[in-house]
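I opened my notebook to see how this chain is put together. Here is what I looked up.

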Amino acid sequence: MAQVQVATAASCIREGESDARAGAGLFFQEANQLNRSAKLPLFVNQSKKAGEAVAVKLAADTIDPKLSIHLKTSSKFIRSFIESPSKLEDEDFLGKPTGIILKSLLTSLRMRITPTLIKELKRNEKTHPEALAKAAISKTGASYINISQPPTLRVTGAKLSVMTQSLAYKMIKAQQAKKDGNKRIRTERNLERVKECVEDKFGYSPTYEAFWKAIRTKDFERKVRDFLWMITHDAYWTGTHWLRDSMKPELKERAICPLCGKIDDFRHILTECESPGQATIWKLAGSLWEMKKSTIPWAYLALGDILGSSLARITAPGTERVLVGESRLWKILIVESAYLIWTMRCERVIANEHAPFSEMEVENRWIRMMNERLEIDCQMTDGRYGKKALSKKLVMQTWKGTLKDEGTLPEDWTTKSGVLVGISRGQSREEVSGVG
Ligand SMILES: [Zn+2]
């Protein structure tokens, strides 16, 4: 497996005092443009431990997920954290000052598809990463570090692993009602959007409870369920959150998408931004949906449609009978596409410092993601998953009509390897001419 070596280090001045400042350094090779010197923003704890965590997180976010990271650090704390994060999870580290950044580091590492190897940084290898960490502290502005973080952790320090989303929702709702009326209004507004969109598309009116239940579906991975939950609560650091009075002017700039000049909120990110990403992904999703020949036509999706897609209820023409597979495809297609748009947007803004992706890269990423999703469905029909196994019939109904060379596949294609969705590279290329 291809590997990338990176050495990380941290530096902190006046640690433990109120004006402490910390920096993180990432060193790949001499003159490598990926070398980074990052000053920790003030919402992260200013300490050496936090700096070490930020350095590793930046490495995890920056390095191509196909390449295995070979990480070198002199921090015992980080080495033991990465080798056995559950230990710290059990010890309620989330409530500690470095909790936010560690949780976020864990998420970044878990998002990678290749393993991370960790080794001790030798004395003679320390110079470069340490110099980068030190240099960061004297920078004028802090670096942008995205710590997308369920808000319950910020305020309660409770263990997320034992907290169900509905419990978390209750807690946040209670807190919001007390402290932050504005935030509650944002959640309600999103729920109203969902309701209207579901009424429009599927002709029924869901309750809020039905929505919270629908996004907890086992059809999504935990990170995707959290993503929907976070957007609905407007809990990610996007858009107008950066305009709060307490924000410094250089942070307030982050409210605006530098390319489009508009408020960079989820509506913008998922449905409007002109940087190569969302438009191409929705076009590809639309091409796949059209193969399904559904009674629900593909059309522009509003934020409420995206959030509400888990509530899809597509019925057979002229009847009340719900087409379970077709409804399921709608949900998977839309939510997984939205999640990819968000992931790629974060890579672009944070790791790539706003350098746009090429259209081809966006296409490749979406196709790979859909094929992986299809493969997971196939694997989950295996009896060894017991109660958790998916029914073959459901999987076949979900993907029926959308597969590559479907006519030549055996009747039960779920056990055949290498079944792909019927969208391949270049399919939408001519329609996106002029870019890349
Ligand atoms: Zn934009």
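How many bridges join strand 1 (residues 3-13) to strand 2 (residues 21-27), and do they run parallel or antiparallel? I found 7 bridges, and the two strands run antiparallel. Strands and helices here are DSSP runs, numbered from the N terminus: E of at least two residues for strands, H or I of at least four for helices.

Before going on, I noted that this is a predicted model, where local features need pLDDT of at least 70, side-chain atom pairs count only at pLDDT 80 or more, and totals for chains, interfaces and linings use all residues. Residues are numbered from 1 along each chain as its sequence is written.

**Entry: the sheet.** I looked at T8 and found it opposite L26 in strand 2. The open sheet has 5 strands in the order 3-2-1-4-5, with mixed pairing; two strands pair if DSSP finds at least two bridges between them. Strand 3 (36-39) and strand 5 are the edges, each pairing on one side only. Neighbouring strands are turned by 25° against each other on average, direction ignored. Helix 1 (residues 48-62) lies across strands 1, 2, 3 and 4, at about 155° to strand 1. Such angles run from 0 to 180 degrees between N-to-C directions, with axes fitted to C-alpha atoms, for helices over the stretch in contact.

**Entry: P115.** I found P115 in the loop between helix 4 (99-111) and strand 5 (116-120). Why is P115 exposed? It counts as exposed because it has 12 C-beta neighbours inside 10 Å; the cut-off is 12 or fewer, while buried takes 20 or more, partly exposed is in between, and C-beta atoms are placed from the backbone. P115 and S68 are 47 residues apart in sequence, yet 5.6 Å apart C-alpha to C-alpha.

**Entry: the cores.** Of its 54 residues, I281, A285, L333, I334 and I341 touch the most other members. Helix 15 (residues 324-351) gives the most, with 11 residues. A second, separate core of 37 residues includes F27, I69, A136 and I145.

**Entry: helix 13.** Among the buried residues of helix 13 (residues 278-291) are W282, L284 and L288. Their cover includes helix 12 (266-271), helix 15 and helix 16 (359-379). Just after helix 13, K293 takes a positive phi of about 50°.

Notes
Core = buried A, V, L, I, M, F, W, Y, C linked by C-beta atoms within 7 Å. Contact = placed C-beta atoms within 7 Å.
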